[in-house]
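This report describes a structural model of two chains.

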Amino acid sequence: MKVYVGIWVGLISIMLVEVFLTYQHLPPQSLLACLLALAFVEAGIGIAYFMHMKYENPKLLWTLVPITIFVLFMLDHIWPDAFRLARLSLH
Amino acid sequence: MEASPYGIESKKLAMWLFIASDTVTFASLLFAYSYLRIGSPNWTPPFKFWPSVANGMVMTIILLTSSLTMLGGVRAAKAGDQKLCLRWMGYTMLLGVIFAVLHLREWFGMIHGGWRLFQNPLGGSVEVGAGFFCVTGLHLLHVISGVVALAVVALGFKRGWLKAGHVETTSLYWHFVDVVWMFVFPIVYLMNAQ
């Protein structure tokens with residue numbers, strides 16, 4: 001249980017870093033990149049330890065993660081249209 | 001019987017598959033939210049540090065703590081200590097309810113301030129409210145469903161018609177709700193801090 005308490009403290013610390021970064025007046029793109037990177041670290045730790053993926057058969061990880069990442073990658077194709085909309089609204 | 005290729009029980013595999021599909025559901029919603037955010041130059045960030053961001057921080061700590069208590073429940077269930085397991089599950093449900101109450105308080109505060117699904121009291125894009133209520137609403141629905149699922153599983157475990165494996169499978173769902181919040185908080189709250 002000691003390990004899990006350490007992870008709990010670590011995750012709360014990452015959240016505090018996120019809040020600290022929010023008020024450092026970073027450009028929005030940089031802030032988003034930092035917050036997403038930290039969120040992925042938090043999620044990875046949560047899945048590995050809290051959800052015990054670290055202790056499961058690696059086949060489970062190699063079945064679930066690539067297909068999920070593939071879908072998330074495919075969703076990324078919406079961004080050019082979002083930037084087009086932003087440009088249209090500005091003109 | 002042929003052994004599972006993943007070395008886990010069928011119900012646990014089913015829960016993992018559900019989690020993968022629900023990840024895509026949340027991801028789609030967060031992508032749609034970000035699409036609207038990028039495409040709306042008159043987006044008006046609604047959240048001040050006090051009370052909204054501070055409230056979000058407290059909610060994050062509560063949800064993370066509930067994951068810890070849920071782990072205690074799973075360990076106790078596997079060790080065959082039914083009483084301790086039920087106590088930990090009770091703490092988890094209580095924390096889930098506190099999270100939901102804080103979230104609803106945030107919602108009612110915003111509604112009182114004039115925010116609606118298609119109404120922005122700051123005069124900017126109406127999609128700010130729509131995005132916020134949709135994303136956080138789906139997450140809140142998951143938290144409430146999780147509390148109900150935990151209550152049902154705790155009852156079944158107490159009466160002996162559910163086993164430690166059921167507690168562990170339900171805990172996966174609860175931790176997943178926690179993991180999703182790790183993206184909702186920075187994207188919806190912190191990126192909208194004034």
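Axes here are lines fitted to C-alpha atoms, for helices over the stretch in contact, and angles run from 0 to 180 degrees between N-to-C directions. Helices (H or I, at least four residues) and strands (E, at least two) are DSSP runs, numbered from the N terminus. The model is predicted: local features need pLDDT of at least 70, side-chain atom pairs count only at pLDDT 80 or more, and totals for chains, interfaces and linings use all residues. Residues are numbered from 1 along each chain as its sequence is written, and chains are lettered from A and ligands numbered from 1 in the order in which they are written.

In chain B, helix α2 (residues 49-78) packs against helix α3 (residues 82-112) at about 165°, with the axes 8 Å apart. The angle therefore makes α2(B) roughly antiparallel to α3(B) (over 145 degrees; under 35 is roughly parallel, 65 to 115 roughly perpendicular and the rest oblique).

Chain A has four helices and zero strands, in the order α-α-α-α along the sequence. Its C-alpha trace spans about 55 × 35 × 10 Å along the principal axes.

Between the chains, 34 residues of chain B are in contact with 36 residues of chain A (C-beta atoms, placed from the backbone, within 7 Å). On this side of chain B, α1(B) gives the most, with ten residues.

The table gives residue classes (Ala, Val, Leu, Ile, Met, Phe, Trp, Tyr, Cys and Pro count as nonpolar, Asp, Glu, Lys and Arg as charged, and the others, Gly among them, as polar).

| Contact | Residues by class |
|---|---|
| α2(B) with α3(B) | 16 nonpolar, ten polar and one charged residues |
| Side of chain B that touches chain A | 25 nonpolar, eight polar and one charged residues |

Notes. Two residues are in contact if their C-beta atoms, placed from the backbone, lie within 7 Å.
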